[in-house]
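Keep the structure open as you read.

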Amino acid sequence: MRSSVLALLCAGLLPLAACTSSVKPDPTYEQAASDRFVPANYKAADALLSQIDNSIGSGNPLIIATVVNIDALDQSSTLGRLVSEHVSSRFSRAGYHMVEMKFRNNVYVRQHQGEMMLTREIKDLARSHQARAVIVGTYGAAEDMVFINLKVIDPATNVALAAHDYVLPRDAAMKSLLRSTR
C-alpha cells in the first residue's frame with residue numbers, strides 16, 4: 001500500500017515538475033545589454049545620417065513621425081513608437097535638434113499612436129517648427145520577419161533625401177511589440 005501511495009504522489013508531482021521546467025527565466029542585465037533591437041535601429045539611423053551628410057546641417061531642427069503599419073497608415077504599435085524614439089535619439093546625438101512633438105499642443109497626437117503625419121500636414125508642421133526635414137517610416141510584419149523602411153523627407157518638396165530599409169526577426173519580443181497595435 002505504501003508503494004502505491006508513493007507512486008500516486010509521484011504521478012501527481014510529475015506534471016508540476018514539467019510545468020516548472022517550461023517557465024522561462026527572466027532575462028539578465030547582460031542578456032538585455034546584448035539585445036540587437038536598439039543597435040539595429042541606431043544602424044538604420046546612421047545609414048540615413050550618412051546619406052544626408054551636411055545637406056541639412058546638424059544643429060537644424062528635424063521632426064520625426066511615428067513609424068506606422070504599412071497596411072494601416074493611421075496605426076502604429078509599440079514597435080513603431082520605439083523605432084521612432086531610437087532613430088530620434090541617434091539624430092540628436094549627431095547634433096540635430098529633434099522637435100519633440102509629444103509636448104506640442106498645436107499638433108494632433110492620437111492616443112497610443114504617437115506623432116502621425118499625413119503628407120498634407122508635413123509642410124505645415126515643418127514650417128511652424130522651422131524643421132529642415134521630416135523623418136517618416138513604415139513597417140510590415142511577415143510570419144517570421146518585420147520589414148522597416150525609413151525616409152528623410154524635404155518638407156518643401158516632399159522629395160526623399162535619404163532612405164533605408166532593414167529587417168528584424170519576428171521573435172517573441174517583436175511579436176509582443178507588434179501586438180500592441182492600436
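The buried residues of helix 6 pack against helix 3, helix 4, strand 4, strand 5 and strand 6, where a contact means heavy atoms within 4.5 Å. Helices (H or I, at least four residues) and strands (E, at least two) are DSSP runs, numbered from the N terminus. This is a predicted model, in which local features need pLDDT of at least 70 and side-chain atom pairs pLDDT 80 or more, while totals for chains, interfaces and linings use all residues. Residues are numbered from 1 along each chain as its sequence is written, and side-chain values use heavy atoms, leaving out hydrogens and water.

Which residues of helix 6 are buried? They are Met174, Leu177 and Leu178, with buried meaning under 20% relative accessible area, exposed over 50% and partly exposed in between (1.4 Å probe, protein chains only). Seen down the axis of helix 6, they fall within an arc of 100°, so they line one face of the helix; the arc is that of the directions from the helix axis to the C-beta atoms. Ala172 and Arg179, on the other side of helix 6, are exposed.

Now turn to the largest nonpolar core, which has 29 residues. Such a core is a set of buried Ala, Val, Leu, Ile, Met, Phe, Trp, Tyr and Cys residues joined through side-chain atoms within 4.5 Å. Helix 6 (172-179) is among the elements giving it two or more residues, and helix 3 gives the most, with six. Ile135 is one of the residues with the most contacts inside this core.
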